[in-house]
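The exercises below ask you to read a structure step by step, and each task is followed by a worked solution. Please look at the sequence and the model before you start.

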Amino acid sequence: MSSPTKYLLSEDRIPKAWYNLRADLPFDLPPVLHPGTKQPVGPDDLAPLFPMALIEQEVSKEQYIEIPEPVLEVLKLWRPTPMFRAHQLENALDTPAKIYYKYEGVSPSGSHKPNTAVPQAYYNQLAGTKRIATETGAGQWGSSLAFACGKFGIELKVYMVKVSYQQKPYRRNLMETWGATVVPSPSPDTEAGRNILAKDPDCTGSLGIAISEAVNDAVTAKVPTKYALGSVLEHVLLHQSVIGLETVEQLALANAQPDVVVGCIGGGSNFAGFAYPFLRDKLKSGGQGPRVVAIEPAAAPSLTRGVYAYDFGDTAQLTPLMKMYTLGHDFVPEPIHAGGLRYHGMASSICELYRNKLIEARAVPQLATFEAGVLFARSEGILPAPEAAHAVRGAIDEALKCKAEGVSRTIVFNLCGHGHFDLSAYERYLSGSIADHDLPQAVLDRAKTTLPAMA
Ligand SMILES: *Cc1c(COP(=O)(O)O)cnc(C)c1O
């Protein structure tokens, strides 16, 4: 093997500005609507929840937005992240394809999420926020924000879905180590939580309930408190662009021209952060450039089987309405192990790119995904997060296609996190107790009937 395995950038190559694809899109994004009036929301509607700098980024059409120096100082703890040539995986697959992967698992919390947690905490500090309330499912977002809030002296309260709080104590321990307060949701600490507990004292919680609690907390707290979200919103996608900006440079170091770019999608943030800089170059060159492929779980197939419509961002119907491919806000996917990919909707810009055929999407079943994760661990060494294993599956399928066709293509994918907190999922896979479930069309048809009525 003559070509290198690792492509590393020195610290001064951390991007100095985030890239905003919106500046280069040939179309605009549909407006976000107020759930009551169904009119476009303005900055004042969002001001109780987010600092103004983030609200501005949410709608900005600036092509590049400078990354503040204090944010760069923290990102330096793990960025730039490495890009690898997957020589060992290529050998295992006996494929003529060249496979590269960007690795975001080297961050403090083990995924891409601190890339946005850090700037969100920073802008909150700048705006005088003393405290943030947020929700977390399995704990990836909560732990990333716990780390970031610690860096900027902000108190953090995390409403963690009760069943995860009980079953996945390690992420909670991590959040507490970084200084956050974590409560199982539904909790007696908010009116939203008390109402649910009054009806069902044994309720094991859901992300929708936890969102309600965090929002409820943020708007009623006595100390200046805001809310924060780890995916779906455009400012989150923007902050993740450091991933793709670095990868473009690293591929240039490798003298590689990608033919296929692959990432997994839950709410869309790691995929967008990774892929949008490639789309920038593709749009600039009149469509010349790599195919861009989003991989979603067959159990929560928003893009490939969802309805394109205005829907709530959460189960509790508290958020503004977003036009997206949705499975319906009260859709409950199978309890698959890629907790980060169980969201019913998708970031707006990803939906518009898909609708305009600038990106492709594919759904993969759970067993094939774990099979890919294990093959990756055995060849490249890194144990992928179950979410990241979807991207691995997508890349492997592309590489196998190359083998079948007898052609070499360059495939690059985002390995968005490691799976060290997901070992119980791997245990279940290795012991044969994970199964694939069909998602009947009737379930999806029902979801359509729950969409909010539009004028
Ligand atoms: C949260 C998470 C996801 C899903 O979120 P996106 O916004 O779609 O990136 C995927 N992978 C990992 C490792 C996560 O922590």
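**Exercise 1.** How many residues surround the ligand, and which are the closest?

*Solution.* Begin with the ground rules: this is a predicted model, in which local features need pLDDT of at least 70 and side-chain atom pairs count only at pLDDT 80 or more, while totals for chains, interfaces and linings use all residues. Residues are numbered from 1 along each chain as its sequence is written, and side-chain values use heavy atoms, with hydrogens and water left out.

Next, count a residue as near the ligand if one of its heavy atoms lies within 4 Å of it. By this rule 15 residues surround the ligand, and the closest are Lys-113, Ser-231, Gly-266, Ser-269 and Asn-270.

Then sort this shell by class, where Ala, Val, Leu, Ile, Met, Phe, Trp, Tyr, Cys and Pro count as nonpolar, Asp, Glu, Lys and Arg as charged, and the others, Gly among them, as polar. The shell around the ligand has three nonpolar, ten polar and two charged residues.

**Exercise 2.** Find the distances from oxygen atoms of the ligand to side-chain N or O atoms, and state how much of the ligand is buried.

*Solution.* For Ser-269, an N or O atom of the side chain is 2.6 Å from an oxygen atom of the ligand. For Asn-270, the corresponding distance from a side-chain N or O atom to a ligand oxygen is 2.8 Å, and for His-112 it is 3.0 Å. The ligand taken alone exposes 380 Å², of which the protein buries 97%; accessible areas come from the Shrake-Rupley method with a 1.4 Å probe, and for residues only the protein chains shown count as cover.

**Exercise 3.** Repeat the analysis for helix H9 with helix H10.

*Solution.* The axes of helix H9 (residues 191-199) and helix H10 (residues 207-220) cross at roughly 140° and come within 7 Å, which makes H9 oblique to H10. From H9 the contact takes Glu-191, Ala-192, Gly-193 and Ile-196, and from H10 it takes Ile-209, Ser-212, Glu-213 and Asn-216. These residues divide into three nonpolar, three polar and two charged.

**Exercise 4.** Which residues are joined by a cis peptide bond with omega of about 10°, and where does Pro-186 lie?

*Solution.* The bond with this omega joins Ser-185 and Pro-186. Pro-186 has its place in the loop between strand E8 (181-185) and H9. A cis peptide bond also joins Arg-79 and Pro-80, with omega about -10°, and Pro-80 lies in the loop between helix H3 (69-75) and strand E4 (83-85).

Technical notes. Near = heavy atom within 4 Å. Polar contact = N/O pair within 3.5 Å; in protein donor to acceptor, adjacent residues only side chain to side chain. Axes fitted to C-alpha atoms, helices over the stretch in contact; angles between N-to-C directions. Helix = DSSP H or I, 4+ residues; strand = E, 2+ residues; numbered from the N terminus. Parallel < 35°, antiparallel > 145°, perpendicular 65-115°, else oblique. Contact = heavy atoms within 4.5 Å.
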